[in-house]
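Student: I would like to learn how to read this model. Can we go through it feature by feature?

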Amino acid sequence: GNNRTFTMIKPDAFAKGNTGAIIQKITNSGFKIVALKLTKLSPERAAEFYAIHKDKSFYNNLIEFMISGPIIAAVLEKKNAVDDFRALIGATNPEDAAEGTIRNLYATNVTNNAIHGSDSDENAAIEIAFHFKEEEIVTY
Ligand code: CMP
């Protein structure tokens, strides 16, 4: 059956006006949006979301970037959602992202890389719960 993944359209893509095109590409690729919001991460919330990266060299740049402007957070459903969504967005570094992927089309660099996708079913569940109450996720 279907399962869920979590995505964020990051501040760079939002600021460039690419939100609509990215959402169109996501829905055209067979993902069903079951929750969606515009929000802005506080420094504390960004640090919590990216706690796993706190010892990385890019951590401070990542937090500064992710709090720099609004993001669009969403929950998506599809068969094989996590892996299919990671294929749709492409490699973390846009220089390595396959032709036609969201990062190939819209990312600026390895930090300002336009979009996030959960890397496992387990992390998808954690990330969904971080951003959405269960009653904000729509059944249809
Ligand atoms: P994402 O995979 O969504 O979540 C972790 C983020 O850290 C990643 O997207 C990039 O925005 C950033 N990131 C990951 N690897 C690097 C890197 N090598 N250099 C700079 N930023 C990175």
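Student: How many bridges join strand S1 to strand S3?

Tutor: Strands here are DSSP runs of E, at least two residues long; helices are runs of H or I, at least four, and both are numbered from the N terminus. Two strands pair if DSSP finds at least two bridges between them. Here seven bridges join S1 (residues 3–9) to S3 (residues 71–78), and the two run antiparallel. Take Arg4: its bridge partner in S3 is Glu77. Keep in mind that this is a predicted model, where local features need pLDDT of at least 70, side-chain atom pairs count only at pLDDT 80 or more, and totals for chains, interfaces and linings use all residues. Residues are numbered from 1 along each chain as its sequence is written.

Student: In what order do the four strands of the open sheet lie?

Tutor: The order is S2-S3-S1-S4, with antiparallel pairing. S2 (32–39) and S4 are the edge strands, each pairing on one side only. For angles, axes are lines fitted to C-alpha atoms, for helices over the stretch in contact, and angles run from 0 to 180 degrees between N-to-C directions. Neighbouring strands of this sheet are turned by 15° against each other on average, direction ignored. Helix H7 (residues 121–131) packs on the sheet and touches S1 and S3; its direction makes about 60° with that of S1.

Student: Is His116 buried or exposed?

Tutor: Count the other C-beta atoms, placed from the backbone, within 10 Å: 20 or more is buried, 12 or fewer is exposed, and in between is partly exposed. His116 has 21, so it is buried. His116 is found in strand S4 (residues 115–117). A contact means C-beta atoms, placed from the backbone, within 7 Å. Beyond its neighbours within four places in sequence, His116 is in contact with Thr7, Met8 and Lys10.

Student: What does UniProt list for His116?

Tutor: The unreviewed UniProt entry lists His116 for "active site". Its positions use the numbering here, feature names are shortened, and annotations may be inferred rather than shown by experiment.

Student: Which residues surround the ligand?

Tutor: A residue is near a molecule if its C-beta atom, placed from the backbone, lies within 6 Å of it. The ligand is surrounded by His53, Phe58, Leu62, Thr92, Val110, Thr111, Asn113 and His116.

Student: Where does Ile67 lie?

Tutor: Ile67 lies in the loop between helix H4 (59–66) and S3. Ile67 has 17 other C-beta atoms within 10 Å, so it is partly exposed. Leaving aside neighbours within four places in sequence, its contacts are Leu41, Ser42, Pro43 and Ala46.

Technical notes. Contact = placed C-beta atoms within 7 Å.
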